Amino acid sequence: MIKINDLHAKIGEKEILKGLSLEVKAGEIHAIMGPNGAGKSTLASILAGREDYEVTAGQVDFQGEDLLELSTEDRAREGLFLAFQYPVEIPGVSNINFLRTAINEIREYNKEEPVSAKDFMAMVREKSALVELDSKLASRSVNEGFSGGEKKRNEIFQMAMLAPKLAILDETDSGLDIDALRIVANGVNKLRTSENATIVITHYQRLLDHIVPDFVHVLYDGKIVKTGGKELALELEEKGYDWIKAELAN
Amino acid sequence: MSKYTEDELAKDLEVQEYKYGFTTDIESDQAPIGLNEDIIRFISAKKEEPKWLLDIRLEAFEVWKGMVEPEWAHVQYTKPDFQAIRYYSAPKQSKKFESWDDVDEEMKITMKKLGISLEEQKRLTGTNVAVDFVMDSVSVGTSFKAKLKELGIIFCSFSEAVQDHPELVREHMGTVVPTKDNFYAALNSAVFTDGSFCYIPKGVRCPMELSTYFRINEGGTGQFERTLVIADKGSYVSYLEGCTAPQRDENQLHAAVVELIAKDDAEIKYSTVQNWYPGDKNGVGGIFNFVTKRGICGTNAKISWTQVETGSAVTWKYPSCILKGDNSIGEFFSVAVTNNFQQADTGTKMIHLGKNTKSTIISKGISAGKSHNSYRGLVQIHKNATNSRNFSQCDSLLMTDECGAHTYPYIECKNSSSKIEHEATTSKIGEDQIFYCLQRGISEEKAIGLIVNGYCKEVLNQLPMEFAVEAQKLLSISLEGSVG
């Protein structure tokens with residue numbers, strides 16, 4: 001699905017990623033954990049194509065294509081989805097109009113006909129139920145006046161609508177209460193197939209109780225320094241990150 | 001990364017020409033260039049006007065000569081040389097048109113390019129729009145006249161109204177915008193050539209949108225049209241004007257006067273989609289749009305102005321409402337877009353005279369390129385206007401680092417029972433918003449269209465359906481690739 005090799009990136013003069021490598025295969029869920037400032041969100045932004053960062057070395061192969069050569073919108077159209085940590089509000093633009101525009105742009109890219117209004121609305125009903133999103137929210141302006149939890153559920157609703165190949169969830173659990181966390185996690189689990197893959201970026205193990213990862217990676221100082229199974233997350237929860245720092249120092 | 005660079009943006013903007021830039025080759029009947037009493041007599045004679053109208057013109061000319069061009073607006077431009085303008089230019093016609101079929105072929109092609117061909121008219125029959133078409137100085141045809149006549153509605157060119165309904169014109173003309181009102185209104189009163197006239201009889205609800213299309217064609221001409229809309233007691237009318245002009249290097253002057261009169265219990269909805277040539281990317285050419293628009297409300301009457309302004313090199317325009325009657329309502333909904341070197345100073349005046357009068361102002365300014373966009377508004381509450389209310393909201397959206405947004409709200413309140421609210425915001429179009437759209441697979445161009453249209457939604461919702469769609473497209477086109 002995606003293969004990141006020795007990725008280096010900086011913002012301004014500050015190097016943030018210092019040789020990060022990671023491979024995710026179809027059907028897998030990978031969790032990336034790590035202390036604040038390790039470069040977790042930077043990785044998500046770079047993969048999605050945010051221009052604030054400069055990639056100085058390394059390659060990213062996405063389904064056989066050079067991801068870094070693709071524009072932001074083409075990455076999305078090829079099936080890369082980012083669930084934002086802080087989803088923005090777009091006043092006056094209904095969620096529905098927004099999603100329909102997105103779906104039709106993606107369909108056009110794939111040389112498909114635009115989705116019919118009827119099919120689209122059926123899809124909205126089906127997918128909003130998946131994350132228990134009030135169908136009224138689907139007609140409201142994108143994220144405007146949504147609570148923190150609603151915004152995150154809306155991200156997963158959009159993910160369900162766009163059916164990406166690779167979804168990156170950037171701290172989707174932050175700011176969620178236990179119930180919302182369960183709803184969001186259920187949504188992600190239901191969307192899981194053997195054809196798609198998910199990268200979950202999180203600080204906390206609790207999300208991983210609901211979305212069970214195949215691999216857990218520790219990102220520290222711009223690199224993946226440790227990889228393990230889901231039990232690694234529990235160990236981190238218990239001991240914090242200091243022991244990893246200590247291990248590295250030796 | 002194959003990123004859409006600023007250079008590419010600039011290139012796109014360069015090749016994106018003004019869609020309506022073409023001239024029509026029609027022989028025209030012209031006055032000599034320049035302005036003096038003889039020219040005014042010439043115009044009046046050409047139009048076979050009654051003496052009282054010539055007297056109004058001559059008096060206005062006298063007043064105008066003693067006036068100076070206003071300089072308080074936040075715009076900078078080279079003042080027009082009023083002696084270098086041609087004040088009358090009429091397409092040569094062998095006879096008056098009885099129907100659209102009689103219209104000159106060249107002119108038909110022009111109208112077709114503007115999207116209001118005969119075929120279009122036929123198609124529009126279903127959506128009920130009657131169109132009066134003003135090219136340069138003369139109105140060339142009004143459709144649906146017969147259908148409107150059955151209801152007693154008069155919708156014709158201003159010149160025809162002077163001939164056929166002189167009493168209505170004489171009674172109302174200049175009652176809302178007096179000759180002495182301002183420099184350009186005085187000039188207009190002296191040299192106006194044509195425009196539209198509309199009268200809705202008592203209790204009649206006009207069943208279709210009435211529409212006027214203005215176009216400046218001849219080089220070096222000024223267009224000074226005069227529009228008068230009278231809604232008699234208890235009547236209703238929705239009126240729309242659209243504007244285009246060909247692409248020219250020199251600046252052309254457009255100085256119109258629009259007067260609306262809503263008598264007791266009447267309602268006038270006046271919508272404008274203004275798309276005059278804005279000049280090229282270096283700020284050369286374009287229309288100077290110096291317009292005076294004002295309406296007066298009787299008891300329980302309502303006047304609603306909606307404008308979507310994307311054109312003109314310089315705009316100076318304040319559609320206003322005089323809320324004279326008790327319980328009358330004034331509304332102003334505006335979207336003003338400026339790009340490249342365009343300058344707009346626009347807003348409204350709400351004059352509350354009657355009791356329980358209410359006004360709403362929603363202004364959305366969008367600045368791109370190196371343009372300057374100003375909102376200037378006055379809310380004036382007189383001492384007898386008890387329990388009157390105003391709500392104003394002025395939002396500015398900046399697309400680049402080089403443009404400017406300015407807000408000049410004036411509030412004068414002489415009544416302690418009144419309530420005035422004013423909200424204002426200024427924001428830069430969010431890179432975060434655009435990135436969010438891009439990440440969902442939406443192109444930058446569509447993303448800007450979505451965001452801007454969302455931003456203007458409250459105003460666009462006020463437009464009649466078929467024009468709202470047009471206006472949305474216009475907004476997207478005007479701002480294509482303009483984020484910096």
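Reply: The answers below take the terms one at a time, and the model is a predicted one.

Me: What makes the radius of gyration of chain A agree with that of a compact globule?
Reply: The globule rule is 2.2 Å times the number of residues to the power 0.38. For 250 residues that gives a value near 18 Å, and chain A has 18 Å, so the two agree. Along its principal axes, the C-alpha atoms of chain A fill a box of roughly 60 × 40 × 35 Å. Buried residues account for 42% of the chain. Of the contacts with a separation of 6 or more, 71% link residues 24 or more positions apart.

Me: How many helices and strands does chain A have?
Reply: Chain A has 10 helices and 12 strands.

Me: Why is Gln59(A) called partly exposed?
Reply: A residue is buried at 20 or more C-beta neighbours within 10 Å, and exposed at 12 or fewer. Gln59(A) has 14 inside that distance, so it counts as partly exposed. Gln59(A) belongs to strand 4 of chain A.

Me: Which residues is Gln59(A) in contact with, leaving aside neighbours within four places in sequence?
Reply: They are Asn5(A) and Asp66(A). As for Phe81(A), it is 22 residues from Gln59(A) in sequence, with 19 Å between the C-alpha atoms. Contact requires C-beta atoms within 7 Å.

Me: What makes strand 2 and strand 5 of chain A edge strands?
Reply: The open sheet has 4 strands in the order 2-1-4-5, with antiparallel pairing. Strand 2 (14–24) and strand 5 (65–66) each have a single partner strand, so one side of each is left without a neighbour in the sheet.

Me: How do you know that strand 1 and strand 4 of chain A pair?
Reply: Pairing needs at least two bridges. Strand 1 (residues 2–11) and strand 4 (residues 54–62) of chain A have 7 bridges, in the antiparallel sense. Helix 1 (residues 40–48) of chain A lies across strand 1, strand 2 and strand 4, at about 75° to strand 2.

Me: Why is helix 6 of chain A called roughly parallel to helix 7 of chain A?
Reply: Their axes come within 10 Å and cross at roughly 5°. Angles under 35 degrees count as roughly parallel, so helix 6 of chain A has that relation to helix 7 of chain A. Helix 6 covers residues 148–162 and helix 7 covers residues 178–191. The residues that meet include Ile156(A) and Met159(A) from helix 6, and Ile183(A) and Val184(A) from helix 7. By class, the contact has 8 nonpolar, 2 polar and 2 charged residues.

Me: How do you know that strand 20 of chain B is largely enclosed?
Reply: The cut-off for a buried residue is 20 or more other C-beta atoms within 10 Å. In strand 20 (residues 372–381) of chain B, 8 of the 10 residues are buried, so the strand is largely enclosed by the rest of the structure. Strand 18 (residues 343–352) of chain B pairs with strand 20 in the parallel sense over 10 bridges. Strand 22 (residues 404–413) of chain B also runs parallel to strand 20, joined by 10 bridges. Leu378(B) in strand 20 stands opposite Lys349(B), and Asn373(B) stands opposite Ala405(B) in strand 22.

Me: Which helix of chain B gives the most to the side that touches chain A?
Reply: In total, 20 residues of chain B are in contact with 25 residues of chain A. Helix 10 (431–439) and helix 11 (444–455) of chain B each supply at least two residues of that side. Helix 10 gives the most, with 6 residues. The side of chain B that touches chain A divides into 8 nonpolar, 7 polar and 5 charged residues.

How values were computed. Residues are numbered from 1 along each chain as its sequence is written. Chains are lettered from A and ligands numbered from 1 in the order in which they are written. This is a predicted model: local features need pLDDT of at least 70, side-chain atom pairs count only at pLDDT 80 or more; totals for chains, interfaces and linings use all residues. Two residues are in contact if their C-beta atoms, placed from the backbone, lie within 7 Å. Axes are lines fitted to C-alpha atoms, for helices over the stretch in contact, and angles run from 0 to 180 degrees between N-to-C directions. Angles under 35 degrees count as roughly parallel, over 145 as roughly antiparallel, 65 to 115 as roughly perpendicular and the rest as oblique. Ala, Val, Leu, Ile, Met, Phe, Trp, Tyr, Cys and Pro count as nonpolar, Asp, Glu, Lys and Arg as charged, and the others, Gly among them, as polar.
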